[in-house]
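Biologist: I have the sequence and the model open. Can we go through the side-chain pairs and the helix packing?
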Amino acid sequence: MVTEIKDAPRAKSIPEIPEPPLLGSMFKHNADRLTLYHRVAREYGDIGLMHYGPFRLVQLNSPDLVRSMLVEHTADFDKGDGMHKAFHPIIGNGLFISEGELHRKQRKLMAPSFQPRHIASYADDMVRYSEQIQRTWHDGQVVDIGHEMTQLTMSIVGKVLFDAEVFTEADELGAAMSTVLSFVNYSLSNLFPIPITWPVPRSKRARQALTVLDRRINQMIADRRASDSEKNDFLSVLLRAREDGSGMDDKQLRDESLTLFGAGHETTATALTWTWYLLAQHPEIFARVQREVDTALLGRTATYADLAQLPYSLQVFKEAMRLYPPAYAVSRVALRDCDLNGYPIKKQDLVLAAIYAIHRRPEYFSNPEMFDPERFTPEREKQLPRYAYMPFGAGPRICIGNHFALMEGHLLLVTLAQHVSFELVTGQHIVPDPNKTITIRPHEPIKMVVKRRSGK
């Protein structure tokens, strides 16, 4: 009897991108990484291999490969030394950067605070601050819409996180947070970044900004510890949170608070900035949003319960995050040799889920450069392959605040659209720039003219 021996399946080869020796694609990546990601997806399909200096960088451009890395092989990857060195001096062991058992414990401890039934209690504050900021705008005023959205989201996160009325102090806190985020981005974008401890101007500015943030946050933690009143803000909820009978010490509370403070305003502010930019370019879509708002609200202030009657506005926000996802990529470093759907990954490979590129692949989104909120009707959204759209990442490390961000973006959009329209100041050249912070901010401020709606 002859036994047929079948050959083991051959590993798939990862297409390599032509690039110069030694530095590889590092200069192209640092100069315009979004265009690079888009080109790799367009020319090489689901996966491509480039080099960042001496390091291999594998770019994933398909939902199946993203699922393989972030869901099926999550134990084979971590954030990597580069991310740890960039973020740890800023946010310590906050949820975004912690690993292993600490991350699992913190995620379990914090998750109840981010369930929809809990975050719904913050809707009124979101609307109140939106009403407050729009009243400061007069008809014909030119505003930096990114700055205004940062002011607004920072005020909201200050209130819901710390129960602090920080609206008038947003400039100090905003400048400090922008400085430390800029330092993080610098650290991630350079092969040999200068550490934050060195006596050079960039590092000194980051340390000074971190001192401002630490002083304010530690004082808020101390005040809450000393208070007998039971509040509903995130800090109070986190103070009360228990897992196996134990809670967080002050250091871990500081780390998680700073993580939430940074992520909680930066990502939503960026998403809304691009939303207003796209609406100003498409006045017919802007008008439809306002018709929906007027019909649903009949002139009254929005509430959480109204959101179900405002589906098109949510579609607009989701489509804006498809074109300009605040988190434009998710990166991991391989802890050991493994394979992703047959593609060999080597230990220490930097593997990048290129969200920006995936969101613009015509295989998943027809006419991908077009702003089309109809893509996100409930019926059409269900037809998308899983992980083709992931503005909040995917897998067990998906952004813990995704429900919060969607609710906040939705409420702020409808509340402001109820009162004003925006028109772009002519002559601007607006392009996304991920080099300034860890999100896709515009390269230059987007200047807009406020047009107050009649009777609003």
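Biologist: Which helix do Trp274 and Tyr277 both lie in, and how many residues apart are they?
Modeller: Both lie in helix H11, three residues apart, about one turn of the helix. Helices here are DSSP runs of H or I with at least four residues, and strands are E runs of at least two, numbered from the N terminus. Bear in mind that this is a predicted model: local features need pLDDT of at least 70, side-chain atom pairs count only at pLDDT 80 or more, and totals for chains, interfaces and linings use all residues. Residues are numbered from 1 along each chain as its sequence is written, and side-chain values use heavy atoms, with hydrogens and water left out.

Biologist: Trp274 and Tyr277, buried or exposed?
Modeller: Trp274 is buried at a relative accessible area of 0%, and Tyr277 is buried at 9%. Buried means under 20% relative accessible area, exposed means over 50%, and partly exposed is in between, with a 1.4 Å probe and protein chains only.

Biologist: How many aromatic pairs turn up in the whole structure?
Modeller: The search finds 13. Rings of Phe, Tyr and Trp (its six-membered ring) pair if their centres lie within 6.5 Å; planes under 30 degrees apart count as stacked, over 60 as edge-to-face and the rest as tilted. One of the pairs is Phe114 with Phe234, which is stacked, at 4.7 Å centre to centre and 25° between the planes.

Biologist: Where in the chain are Phe114 and Phe234?
Modeller: They are 120 residues apart, so the pair links distant parts of the chain. Phe114 is in the loop between H4 and helix H5 (116-119), and Phe234 is in helix H10 (residues 234-240). Both Phe114 and Phe234 are buried. As for Trp274 and Tyr277, they form an edge-to-face pair, 5.5 Å centre to centre with 80° between the planes.

Biologist: Which residues do ring pairs link into a cluster?
Modeller: Phe114, Tyr122, Phe234 and Phe404.

Biologist: Switching to charges. How many salt bridges does the structure hold?
Modeller: It holds 25. A salt bridge here is a side-chain nitrogen of Lys or Arg within 4 Å of a carboxyl oxygen of Asp or Glu.

Biologist: What does Arg104 form a salt bridge with?
Modeller: With Glu101, the closest N and O atoms being 3.5 Å apart. Both are in helix H4 (residues 100-110), three residues apart, about one turn of the helix. Arg104 counts as exposed at 53% relative accessibility, and Glu101 is exposed at 54%.

Biologist: And Asp125, what is its partner?
Modeller: Arg128, with the closest N and O atoms 3.4 Å apart. Asp125 is buried, at 19%, whereas Arg128 is partly exposed, at 36%.

Biologist: Which parts does the pair of Arg225 and Asp250 tie together?
Modeller: Arg225 lies in helix H9 (residues 201-226) and Asp250 in helix H11, so the pair ties together parts that are 25 residues apart in sequence. The closest N and O atoms of this salt bridge are 2.8 Å apart. Arg225 is partly exposed at 40%, and Asp250 is partly exposed at 41%. Salt bridges that share partners also join Asp214, Lys251, Arg254 and Asp255 into one network.

Biologist: Back to helices. At what angle do H7 and H11 cross?
Modeller: Helix H7 (residues 145-162) and helix H11 (residues 250-281) cross at roughly 145°, and their axes come within 8 Å. Axes are lines fitted to C-alpha atoms, for helices over the stretch in contact, and angles run from 0 to 180 degrees between N-to-C directions.

Biologist: What kinds of residues make the contact of H7 with H11?
Modeller: Eleven nonpolar, eight polar and no charged. Ala, Val, Leu, Ile, Met, Phe, Trp, Tyr, Cys and Pro count as nonpolar, Asp, Glu, Lys and Arg as charged, and the others, Gly among them, as polar.

Biologist: Last one: what does Ser313 touch?
Modeller: Not counting residues up to four places away in sequence, Ser313 touches Val289, Glu292, Val293, His410, Leu413 and Val414; contact means heavy atoms within 4.5 Å. Ser313 is found in helix H13 and counts as buried, at 0% relative accessibility.
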